[in-house]
Amino acid sequence: MSDGHDLTEGTTITHSRTFTKSDVDAFTEVSQDENDVHREADEEGRLIVHGLLTATLPTKIGGDLSYIARELNNTFHQPVYTGEEIRCEMTITDIRDRDDGIRMETEFVCRNEDDAVVLTGDTDGVIYD
């Protein structure tokens, strides 16, 4: 956890994850998004990971910082498949003191094992003291 005092504009934080069929199945159950692309494997036996499940990569980084996103924008560039390692890099683009903590803006990019961009976005939120 972070109180935000060690964060500065330009700081980049990374997190990687490989989504599994079990992850997709659990997210399907919770979200009730039962689109066939998330339930039927391709010729290589992989499932397409839900976009919002992929978006848990930047939210995991935010959670580690005790960051509460008030705005979260995602752009999905291409599918993510089970078994692929996805790496997310989140960079702080603006940080300002508030009476009750800090306000922070970030940008993030997620890439697959081939270094192809699969997800980009930005956030605006706060870390409370």
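1. S66 is partly exposed, at a relative accessible area of 25%, where "partly exposed" covers the range between buried (under 20% relative accessible area) and exposed (over 50%), computed with a 1.4 Å probe on protein chains only. The phi of S66 is positive, near 60°, in a residue other than glycine, and S66 is placed in the loop between helix 3 (56-64) and strand 2 (68-76). Helices (H or I, at least four residues) and strands (E, at least two) are taken here as DSSP runs, numbered from the N terminus.

2. The basis of these values should be kept in mind: this is a predicted model, in which local features need pLDDT of at least 70 and side-chain atom pairs count only at pLDDT 80 or more, while totals for chains, interfaces and linings use all residues. Residues are numbered from 1 along each chain as its sequence is written, and side-chain values use heavy atoms, with hydrogens and water left out.

3. Q32 sits in the loop between helix 1 and helix 2 (51-54), and with a relative accessible area of 65% Q32 is exposed. As background, most residues other than glycine have a negative phi.

4. How many salt bridges does a search of the whole structure find? The search returns 14, a salt bridge being a side-chain nitrogen of Lys or Arg within 4 Å of a carboxyl oxygen of Asp or Glu. In general, side chains of opposite charge can pair when their charged atoms come close.

5. One of these salt bridges joins the side chains of K21 and D25, at 2.7 Å from N to O. K21 and D25 are four residues apart in helix 1 (residues 21-31), so about one helical turn separates them; D25 is partly exposed, with a relative accessible area of 35%.

6. A further salt bridge is formed by the side chains of E34 and R39, at 3.3 Å from N to O. E34 is partly exposed, its relative accessible area being 48%, and R39, at 48% relative accessibility, counts as partly exposed as well.

7. The side chains of R98 and D100 meet in a salt bridge at 2.8 Å, N to O. R98 has a relative accessible area of 29% and is partly exposed, while D100 falls into the partly exposed class at 32%.

8. Which residues are linked in a network of salt bridges? The network takes in D94, R96, R103, E105 and D124.
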